Amino acid sequence: MASVTLTVKQYEKDGVTHIDCTQVATGGVTSIENRTLDWELRDDTDKVFGEVRGKSRWVHLKDVDDDDYLKTGYDDLEGEHVQTWTEGKKGGWTANQRFG
């Protein structure tokens, strides 16, 4: 079993929100996820998932109609949440997530 420490930094640059997350597991195994909330596709290489392509944005859950399941469990459908969409370039998988 390993402990994981997350360091999250949120900031604005050129009018766009950025969220940088560094994850460090026991033994110094490090993974970095940098999100730019402008809904532009970006390529990246992840230590766990390999070559990926993804995009992120601010979203109001009430306006999202692609997956009603991802709206469940939230009391606030009016407020802003973060949506991330990622695909494995070689694995044939996608992840569509909401945070907020």
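Q: In what sense do β1 and β2 pair, and over how many bridges?

A: First, a word on the source: this is a predicted model, where local features need pLDDT of at least 70, side-chain atom pairs count only at pLDDT 80 or more, and totals for chains, interfaces and linings use all residues. Residues are numbered from 1 along each chain as its sequence is written, and side-chain values use heavy atoms, with hydrogens and water left out. Now the general idea: strands (E, at least two residues) are DSSP runs, numbered from the N terminus, and two of them pair if DSSP finds at least two bridges between them. Here, β1 and β2 are antiparallel partners, with 10 bridges between them. Val8, for instance, has Cys21 of β2 as its bridge partner, and Lys13 sits opposite Val16 in β2.

Q: How many residues lie between the strands in the hairpin of β1 and β2, and which residue there takes a positive phi?

A: There are 2 residues between those strands, and Asp14 is the one with a positive phi, near 55°. Now look at the hairpin of β2 and β3: it has 3 residues between the strands, and Gly27 takes a positive phi near 95°.

Q: What is the order of strands in the open sheet of 3 strands?

A: The order is β1-β2-β3, and the pairing is antiparallel. β1 (4-13) and β3 (29-36) are at the edges with a single partner strand each, so one side of each has no neighbour in the sheet. From one strand to the next, the twist averages 10° (axes are lines fitted to C-alpha atoms, and angles run from 0 to 180 degrees between N-to-C directions). Between β2 and β3 you'll find 8 bridges, and Ile19 faces Arg35 in β3.

Q: What joins β4 to β5?

A: A hairpin does, through 3 residues. Strand β4 covers residues 42-46 and strand β5 covers residues 50-60, and the two are antiparallel with 5 bridges. Thr45 is opposite Glu51 of β5. β5 also pairs with strand β6 (residues 80-88), again in the antiparallel sense, over 9 bridges. In that case, Trp58 has Val82 in β6 as its bridge partner.

Q: On to charges, then. How many salt bridges does the structure hold?

A: The general idea is that side chains of opposite charge can pair when their charged atoms come close. The cut-off is a side-chain nitrogen of Lys or Arg within 4 Å of a carboxyl oxygen of Asp or Glu. By that rule, the structure holds 5 salt bridges. One of them joins Asp38 and Arg42, whose closest N and O atoms are 2.9 Å apart.

Q: Where in the chain are Glu51 and Lys90?

A: They form a salt bridge, with the closest N and O atoms 3.4 Å apart. Glu51 is in strand β5 and Lys90 is in the loop between β6 and β7 (94-99), so this pair links distant parts of the chain, 39 residues apart.

Q: Is Glu87 buried or exposed?

A: For the terms, buried means under 20% relative accessible area, exposed over 50%, and partly exposed in between (1.4 Å probe, protein chains only). Glu87 has 18%, so Glu87 is buried. Arg53, at 30%, counts as partly exposed. These two make a salt bridge with closest N and O atoms 2.6 Å apart. Glu87 is in strand β6 and Arg53 in strand β5, so their pair ties together parts 34 residues apart in sequence.

Q: With which side chain does the side chain of Asp20 make a polar contact?

A: A polar contact is a pair of N or O atoms within 3.5 Å; within protein, one must be able to donate a hydrogen and the other to accept it, and residues adjacent in sequence count only if both atoms are side-chain atoms. For Asp20, the partner is the side chain of Tyr11, at 3.0 Å.

Conventions. Helix = DSSP H or I, 4+ residues; strand = E, 2+ residues; numbered from the N terminus.
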